[in-house]
Amino acid sequence: MRILIIEDDPQASAYLVKAFREAGHNADSAADGLTGYGKAEAGDYDVLIVDRMLPKLDGLSLIGGLRQQKIETPVLILSALGQVDDRVKGLRAGGDDYLSKPYSFAELLARVEVLARRRGGGANEETSYRVADLELDRLKHKVFRAGKEIVLQPREFRLLEYLMRHAGQVVTRTMLLENIWDYHFDPQTNVIDVHISRLRGKIDKGHEVQLLQTVRGAGYTLREGAVA
């Protein structure tokens, strides 16, 4: 999913961006209502997370403006105002869901995924991937090889998910830098090599068939591969 977080608290915004990216989603942020409105107006996001009390343009006015422009991107309102009247106002302004602060990220993530499915934009998105005897379950955040669970760190999980989503294709270093590390330049480090090596050790070590392969001069691919 592509998620836009419109939140003026920099610490809260940074936390959400990091948490959603670790969960395998693309997340952007905006620190005020006008900036958020401009980003949301393009309609490139699957879900918007909007704080009610924003500088320059408050959350309810932002949502109302989008709805007047016939932009129907699902909106989850995230606010410290949690009384029934507050929730009713938010929903009547055009919000699709309302979650009061403080909140559990697990609940927020579940609500966002439900909104994306309702919209239909994520209806065809796979919730699990399989290559040979390697399985990845996005919803349960679990990975198995030959029926045995493999414990991955969040970045390793994102990396494997991306490789499995593009199974059989060559994935370049640039693609990985942009989609897994959110770099739009080459940092000139060996960060990709380190993570690929760790991931290969976890999913291929002890197995006769090696799935994660290096394509010299091009990148990496995940496919039913050579015998070790």
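Helices (H or I, at least four residues) and strands (E, at least two) are DSSP runs, numbered from the N terminus. The views below come from a predicted model, in which local features need pLDDT of at least 70, side-chain atom pairs count only at pLDDT 80 or more, and totals for chains, interfaces and linings use all residues. Residues are numbered from 1 along each chain as its sequence is written, and side-chain values use heavy atoms, with hydrogens and water left out.

**View 1. Tyr220 in strand β11.** Let's start with Tyr220, which sits in strand β11 (residues 219-222). Tyr220 has 6% relative accessibility and so counts as buried (buried means under 20% relative accessible area, exposed over 50%, partly exposed in between, with a 1.4 Å probe and protein chains only).

**View 2. Helix α6 crossing helix α8.** The axes of α6 (residues 154-165) and α8 (residues 191-203) come within 10 Å and cross at roughly 80°. That makes α6 roughly perpendicular to α8 (65 to 115 degrees; under 35 is roughly parallel, over 145 roughly antiparallel and the rest oblique). Axes are lines fitted to C-alpha atoms, for helices over the stretch in contact, and angles run from 0 to 180 degrees between N-to-C directions. Among the residues that meet here are Leu159 and Leu163 of α6, and Ile196 and Leu199 of α8, where contact means heavy atoms within 4.5 Å.

**View 3. Arg111 and Glu107 in helix α5.** These two side chains form a salt bridge, with their closest N and O atoms 2.8 Å apart (a side-chain nitrogen of Lys or Arg within 4 Å of a carboxyl oxygen of Asp or Glu). Because they are four residues apart in α5 (residues 105-119), about one helical turn separates them. Arg111 is partly exposed at 24% relative accessibility, and Glu107 is partly exposed at 34%.

**View 4. Asp204 and Arg145.** Here a salt bridge joins the two side chains at 3.0 Å, N to O. Asp204 lies in the loop between α8 and β10 (212-215) and Arg145 in strand β8 (residues 142-145), so the pair ties together parts 59 residues apart in sequence. Both Asp204 and Arg145 are buried.
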